[in-house]
Protein chains: 4
Amino acid sequence: MPSETIQLRGHIIDSLILPKVLDEIISHGATFKIGEVNIGEQRKDQSFARIEVMAPDANTLDALVLRLRQHGAEVEEKKNVQLATAPADGVFPQDFYITTNQRTFARIDDTEIEVHPTLMDSAIVVDRASKTATAKRFREVKKGMETVVGHQGIRVEPLQRLASHSDLFEFLSSPASVEKPKSVVIREMAQEIKRAKGGNGRILVVGGPAIVHTGAGEHFEKLIAGGFVQRLFAGNALAAHDLENALFGTSLGVNLEEGGLARQGTQNYLRAINAVCGAGGIRPAVASGLVKRGIFYQCVKHGVDFVLAGSIRDDGPLPDVITDVLEAQKAMRAKLDGVTMAVMMGTMLHSIAVANLLPATVKMLCIDINPAVVAKLTERGNFQTVGLVTDMEPFLRELTSCVVGDR
Amino acid sequence: MPSETIQLRGHIIDSLILPKVLDEIISHGATFKIGEVNIGEQRKDQSFARIEVMAPDANTLDALVLRLRQHGAEVEEKKNVQLATAPADGVFPQDFYITTNQRTFARIDDTEIEVHPTLMDSAIVVDRASKTATAKRFREVKKGMETVVGHQGIRVEPLQRLASHSDLFEFLSSPASVEKPKSVVIREMAQEIKRAKGGNGRILVVGGPAIVHTGAGEHFEKLIAGGFVQRLFAGNALAAHDLENALFGTSLGVNLEEGGLARQGTQNYLRAINAVCGAGGIRPAVASGLVKRGIFYQCVKHGVDFVLAGSIRDDGPLPDVITDVLEAQKAMRAKLDGVTMAVMMGTMLHSIAVANLLPATVKMLCIDINPAVVAKLTERGNFQTVGLVTDMEPFLRELTSCVVGDR
Amino acid sequence: MPSETIQLRGHIIDSLILPKVLDEIISHGATFKIGEVNIGEQRKDQSFARIEVMAPDANTLDALVLRLRQHGAEVEEKKNVQLATAPADGVFPQDFYITTNQRTFARIDDTEIEVHPTLMDSAIVVDRASKTATAKRFREVKKGMETVVGHQGIRVEPLQRLASHSDLFEFLSSPASVEKPKSVVIREMAQEIKRAKGGNGRILVVGGPAIVHTGAGEHFEKLIAGGFVQRLFAGNALAAHDLENALFGTSLGVNLEEGGLARQGTQNYLRAINAVCGAGGIRPAVASGLVKRGIFYQCVKHGVDFVLAGSIRDDGPLPDVITDVLEAQKAMRAKLDGVTMAVMMGTMLHSIAVANLLPATVKMLCIDINPAVVAKLTERGNFQTVGLVTDMEPFLRELTSCVVGDR
Amino acid sequence: MPSETIQLRGHIIDSLILPKVLDEIISHGATFKIGEVNIGEQRKDQSFARIEVMAPDANTLDALVLRLRQHGAEVEEKKNVQLATAPADGVFPQDFYITTNQRTFARIDDTEIEVHPTLMDSAIVVDRASKTATAKRFREVKKGMETVVGHQGIRVEPLQRLASHSDLFEFLSSPASVEKPKSVVIREMAQEIKRAKGGNGRILVVGGPAIVHTGAGEHFEKLIAGGFVQRLFAGNALAAHDLENALFGTSLGVNLEEGGLARQGTQNYLRAINAVCGAGGIRPAVASGLVKRGIFYQCVKHGVDFVLAGSIRDDGPLPDVITDVLEAQKAMRAKLDGVTMAVMMGTMLHSIAVANLLPATVKMLCIDINPAVVAKLTERGNFQTVGLVTDMEPFLRELTSCVVGDR
């Protein structure tokens with residue numbers, strides 16, 4: 001019966017790593033012997049366990065160890081990664097190692113090298129000369145690139161829950177539910193955002209058009225003006241509706257000012273797109289004085305870097321929209337440096353797309369009135385993701401008041 | 001081919017009555033000749049149409065005319081209602097006329113008498129001596145009561161859209177959607193509530209426990225203290241959670257105060273129920289000083305009449321809960337006099353139950369974060385019902401600020 | 001610093017009990033020393049851990065140990081429970097112990113006695129003479145009854161995940177999601193139902209009116225006729241719609257037969273209720289030949305015990321409906337003996353109510369097209385509850401075909 | 001007071017056109033005099049109304065008439081359209097006429113010309129030499145193109161409800177609801193699909209990955225093999241999951257075969273993409289024998305034209321995916337010729353995108369388990385769109401059995 005000895009280190013009890021590992025072993029039809037267990041007495045102490053894993057055949061053992069590595073298990077005897085060359089542009093070797101969003105190390109020529117960036121669902125391309133290991137997506141790989149295959153020589157360092165975590169992440173780790181004390185949670189979220197700003201991290205907002213439709217644009221503008229947003233990723237719709245509001249005071253033809261609930265259909269929406277097309281884009285439209293207010297006006301004025309990614313639903317789209325989705329992904333990835341917090345608001349498509357690009361270390365706040373969206377974003381979750389099911393306008397009203405105001 | 005001539009009067013064009021009537025006729029396989037059409041030139045003017053309806057057989061004609069009466073059609077030749085006696089307690093004659101929530105008149109001995117109360121899904125019991133016609137539910141009918149059968153002699157006066165309606169009801173008549181300018185809509189709702197109070201109407205609130213869970217209790221208290229609530233219909237859960245909050249500062253064990261997100265499970269919830277059971281109920285618990293704050297404290301202090309209806313989910317329940325559902329229905333109906341506005345918040349069960357008891361003339365505001373609940377309540381709708389999909393805490397925060405504050 | 005030594009036994013690693021216990025300790029601001037850990041080498045082996053828990057003060061320690069007991073922790077020195085008398089009918093002593101849905105033992109006069117029934121959110125009333133311990137709900141307690149207070153002397157035996165569990169419960173333990181291979185899951189559910197029947201367990205179905213509205217009644221009838229349902233708990237609506245269908249072939253006026261999509265409103269619904277009221281209830285209506293088909297016809301014919309619990313939304317209700325909700329709870333509890341599987345379909349109110357009455361050992365299958373309902377029922381979950389988000393008609397079509405047919 | 005006389009023709013009563021027109025007039029603060037009303041006696045007869053519209057000022061009148069034209073109103077005095085040249089590539093003249101999805105005619109040099117294609121939210125570009133009028137989207141317009149401005153000379157011919165419509169479209173015109181007799185509705189949908197095929201119309205399916213996740217792929221394959229699908233529009237996810245299933249028998253790592261509910265994460269999904277990338281795309285992968293079954297295998301084998309549109313969520317994507325969203329829109333529009341029925345299943349993004357491209361004459365069936373998606377697609381609705389809230393796998397199982405089988 002083939003066997004291998006693995007080691008687990010860290011907060012393997014309270015991060016639930018040990019039980020998950022044992023579960024995996026059993027589920028694969030393998031068995032285990034626990035050799036040594038050294039459980040930290042205090043929460044801050046690290047624990048250690050050495051486990052011998054026995055599987056019915058070598059293939060099963062291989063597949064199992066691959067899974068255990070995802071949980072941070074190290075195989076005792078250290079080996080180098082195995083490499084194969086990419087057979088064509090855009091094609092990985094058949095058995096390529098698939099990355100997670102956790103920190104990952106590849107042992108190359110007996111030295112462990114960290115893989116950059118931390119990017120899930122990618123392959124690892126190795127350059128032995130420069131001693132670098134790079135996570136690459138399908139379209140980025142070129143024929144002949146040396147790519148890690150199998151799982152040998154790979155070590156994953158899963159994010160561990162820290163004692164320093166605020167109440168918020170503990171509290172909201174339960175399934176998405178509408179039954180939360182909203183005001184309290186929003187105040188905690190405001191604290192997280194202030195903390196992120198204080199720590200010189202960059203804050204990324206991913207936003208959908210509901211921000212404008214629900215009348216929350218004015219609150220969001222204050223957040224930007226207050227310096228609490230460094231990056232804004234969105235689609236054509238958020239921008240077009242914001243510009244409609246800036247130019248005509250309406251959103252989808254609905255007057256957002258008090259007392260005026262008349263509808264005017266999509267006329268203003270399309271005329272706003274046309275006007276900004278005529279100006280040559282958002283920045284020139286702000287520069288020329290055509291656009292004098294709104295979310296994107298504030299972005300331009302306060303130097304917030306925005307990326308607008310196209311979708312097949314788009315009307316127009318605005319000249320600023322990157323209509324090629326791979327280019328849009330690339331543009332977003334290029335703007336993730338230094339981002340320590342991501343706030344996802346009112347968009348499933350963009351939120352999931354961006355979540356797929358983020359390393360597990362970035363804290364994520366997900367807010368949507370649709371429980372399914374919040375569940376989808378948090379269920380993949382790590383200890384760093386929290387979700388709140390609530391309405392956009394009052395959420396941003398309260399959040400902004402806590403973050404920007406003196407509350 | 002049997003035929004009958006019907007008349008339509010009122011705002012039959014813009015209330016969509018005429019087209020609906022013509023549709024019904026065609027749908028039943030009948031045909032029509034429009035004899036006279038007199039369409040009001042101005043919106044305030046009434047219109048009139050006389051239509052001859054021809055059906056293939058008498059049964060179809062009967063069934064059709066029954067439907068047309070629901071739309072307000074009058075059959076030209078006026079006949080008296082037909083009566084049959086109830087065969088047993090709780091049982092109507094087989095072909096009993098089923099009421100709607102619209103004003104209804106029964107022609108008895110050549111005189112039209114209005115049916116009271118206006119209550120849907122009931123039978124009409126007639127007392128010829130006192131010349132009264134009463135809507136009765138199943139369990140209220142006694143053997144031998146004279147009950148209207150068939151549809152002859154019945155006239156329904158459907159509620160018609162009035163020019164005087166505010167923007168709100170026009171605007172929100174579209175399907176429930178989360179994409180509304182929330183702040184503007186809430187301000188309009190606040191206007192409606194102020195108008196209802198100013199017009200000396202009574203305001204009924206139907207509320208679910210989400211009011212407390214989301215931390216909206218404090219806002220609701222202000223609404224009560226401000227005199228904007230005369231009736232509160234709810235279940236055991238709203239009261240028990242409110243009392244848990246009043247006694248322990250938690251809701252389902254979640255601390256509603258800032259900074260304290262620790263969970264303590266259902267302990268406090270059950271201890272609060274026990275404590276109020278020990279006091280003998282809500283009113284004695286307030287009187288004795290055990291309960292010193294909260295929604296029900298404010299109800300007792302400000303004389304708001306509340307009805308707590310039982311459900312099979314109830315824990316406890318509190319001594320104030322009416323555990324027999326028919327008794328609870330009766331208690332609610334007894335408190336509907338003078339109610340001109342009903343605000344349904346965060347409960348499907350109670351909202352639908354109460355909506356079934358209300359005449360069409362009562363304006364209804366339905367607020368829930370679940371679009372399905374709002375859709376269910378508004379789809380039955382008449383021009384007097386509006387729904388808003390939003391979160392309870394910020395909704396009540398904003399509404400209260402508009403209604404009670406000077407905004 | 002006050003301390004207490006606790007012991008954990010069983011599958012404390014793979015049932016995640018140990019990490020949860022350590023987490024609880026830290027979360028309460030306490031610390032721990034792990035004295036002895038004995039981890040089972042094979043999955044079937046039991047593990048053992050002895051942990052010294054130190055808290056800043058006695059109150060915190062008490063509260064903490066209370067929590068740890070919920071996870072199965074035993075305090076080393078065995079003490080008897082503390083008792084106090086109920087101060088009035090329907091009122092427990094202030095500090096009464098609150099039960100869970102797990103097997104529970106109370107040490108009385110140095111003997112451990114199991115508490116019956118296993119019923120959550122209850123108090124434990126002790127009769128020293130007969131050496132019995134009974135879980136009682138609020139309205140069941142009488143003045144003077146001896147009731148357990150505090151947590152001393154109580155041992156909880158949490159349900160542990162068994163190796164013998166089928167794939168189904170492992171697989172569906174993830175959050176409710178619509179993205180499941182439906183046909184496969186339904187076939188596994190069918191296996192569970194067959195297994196339950198084979199094991200001489202009783203199968204309880206809790207059903208809502210969607211069974212009839214979606215046209216699934218005919219499938220459900222086959223399940224009953226096949227002997228796969230021993231208990232049916234529902235509300236007035238399921239019965240009334242089933243009877244409408246049996247008498248008129250419609251559900252809410254919608255013809256369920258092919259080709260006939262005409263609507264006839266609530267007429268037939270109310271006439272069906274009236275007809276069955278006239279017959280004196282469901283059983284006499286079947287006996288007299290008035291009702292010749294349908295779900296409740298099959299229940300009567302095959303001796304399925306049904307309980308219809310009232311709600312304030314009820315029309316009628318039918319004579320069979322228990323209109324007092326406490327009586328209805330009592331009637332349901334009286335019919336739980338021998339039930340080993342509960343299938344909840346298409347009703348939130350009744351499903352939650354019944355789930356609150358079931359011990360953790362009863363397997364629960366929850367099926368609803370609304371993800372929120374499934375989430376609500378499974379999130380409380382233990383290893384024995386699984387949920388599926390799907391549509392009622394095709395679910396029951398497929399399930400019945402698997403269970404009754406030879407597939 | 002400026003005034004204009006409009007004419008309405010057609011089924012203006014039962015298509016609700018007349019009341020909507022009168023409503024619009026009042027809502028714009030204008031008044032009307034009804035000159036002549038000629039209501040068809042039989043349903044098949046056309047009606048006619050001549051209405052004088054008076055507005056406080058010319059601007060309001062203009063805006064109002066613009067709206068009335070959307071409802072099919074004709075202004076009595078026939079004028080030619082007004083034209084202006086596009087100021088730059090991708091920019092329309094400021095006051096450009098915005099099209100709907102209804103048939104539209106432009107009067108040019110005293111001749112009415114139909115605008116092609118029927119495409120909403122576009123401008124109308126006129127070529128006087130060739131006497132053509134073309135609907136163009138933003139990015140299609142070139143500097144100098146003659147574009148219709150204002151609304152003069154435009155006539156819209158709204159789709160009118162036909163007596164020949166089947167029950168289905170009448171019945172399902174009510175708001176999206178889960179409470180429908182599913183089996184009956186699906187059989188009616190099957191009839192519509194057979195009718196569309198029989199009428200030599202092309203059937204377009206727009207599908208999401210839930211088709212594969214829920215295990216409905218095998219049913220869909222039969223629909224394709226039976227010749228009931230001519231066009232398939234989807235995203236990378238549907239194709240990638242179908243190919244994962246074809247190559248590995250799993251969907252997102254979940255084994256779709258009976259009995260195997262083990263999860264293997266996203267491994268197979270990414271390996272399937274890589275394998276098809278290696279083959280050079282879907283068609284070569286089928287040709288080479290790599291892919292031997294599945295939805296796209298059937299598409300290739302039966303000559304179904306498919307378009308895969310990119311999104312920023314895509315993994316890979318497959319070589320067949322059009323990553324530029326404007327190119328993808330163009331590719332879809334190029335394949336709409338002859339399409340008379342569109343079946344939208346399990347995707348909000350693609351369904352809305354395609355719905356925006358379809359003329360009102362194409363019948364739409366929208367199926368999703370999420371009521372919000374169905375509501376979104378049907379609320380824009382005309383008499384030709386119906387929605388059903390149900391689960392994908394059983395839906396396709398039943399539909400295919402009705403359409404392909406002999407049921």
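A salt bridge, as the term is used here, is a side-chain nitrogen of Lys or Arg within 4 Å of a carboxyl oxygen of Asp or Glu. In this structure, which is a predicted model, A:Glu393, A:Arg397, B:Arg187 and B:Glu398 are linked in a network of such salt bridges.

Within chain A, the domain assignment gives domain 1 (1-77), domain 2 (78-159) and domain 3 (168-403). The C-alpha centres of domain 2 and domain 3 of chain A lie 34 Å apart, and the contact takes 11 residues from domain 2 of chain A and 13 residues from domain 3 of chain A. The area buried between these two domains of chain A is about 980 Å², with carbon and sulfur atoms giving 56% of that area. The count between domain 2 and domain 3 of chain A is 1 salt bridge, and the side chains of A:Arg333 and A:Glu140 meet in a salt bridge with an N to O distance of 2.7 Å. Between domain 2 and domain 3 of chain A there are also 3 residue pairs in polar contact, counting pairs with both residues at pLDDT 80 or more, while the side of domain 2 of chain A that touches domain 3 of chain A has 5 nonpolar, 3 polar and 3 charged residues.

Another pair in chain A is that of A:Arg103 and A:Glu114, whose side chains meet in a salt bridge at 2.8 Å, N to O. Here A:Arg103 belongs to strand 6 (residues 103-108) of chain A and A:Glu114 to strand 7 (residues 111-116) of chain A, 11 residues apart. A:Arg103 counts as partly exposed, because its relative accessibility is 34%.

The next step is from one chain to the meeting of two. In the interface of chain B and chain C, 46 residues of chain B are in contact with 45 residues of chain C, and the area buried between the two chains is about 4100 Å², of which carbon and sulfur atoms give 56%. On the side of chain B, the residues that lose the most area to chain C are B:Phe138, B:Ile312 and B:Arg313, together 19% of what that side buries. Across this interface of chain B and chain C the rule finds 0 salt bridges, whereas 18 residue pairs are in polar contact, both residues being at pLDDT 80 or more. Helix 8 of chain B gives the most to the side of chain B that touches chain C, with 7 residues, and by class that side has 22 nonpolar, 15 polar and 9 charged residues.

D:Arg67 counts as partly exposed at 31% relative accessibility, whereas D:Glu24, at 13%, counts as buried. In the other, D:Glu192 pairs with D:Lys363, with the closest N and O atoms 3.2 Å apart. Because D:Glu192 lies in helix 4 (residues 182-198) of chain D and D:Lys363 in strand 19 (residues 363-368) of chain D, the pair ties together parts that are 171 residues apart in sequence. D:Glu192 and D:Lys363 are both buried.

How values were computed:
Residues are numbered from 1 along each chain as its sequence is written. Chains are lettered from A and ligands numbered from 1 in the order in which they are written. This is a predicted model: local features need pLDDT of at least 70, side-chain atom pairs count only at pLDDT 80 or more; totals for chains, interfaces and linings use all residues. Side-chain values use heavy atoms; hydrogens and water are left out. Contact means heavy atoms within 4.5 Å. Buried area is the accessible area (1.4 Å probe) that two parts lose on being put together, summed over both. A polar contact is a pair of N or O atoms within 3.5 Å; within protein, one must be able to donate a hydrogen and the other to accept it, and residues adjacent in sequence count only if both atoms are side-chain atoms. Helices (H or I, at least four residues) and strands (E, at least two) are DSSP runs, numbered from the N terminus. Ala, Val, Leu, Ile, Met, Phe, Trp, Tyr, Cys and Pro count as nonpolar, Asp, Glu, Lys and Arg as charged, and the others, Gly among them, as polar. Domain bounds come from an automatic or database domain assignment. Buried means under 20% relative accessible area, exposed over 50%, partly exposed in between (1.4 Å probe, protein chains only).
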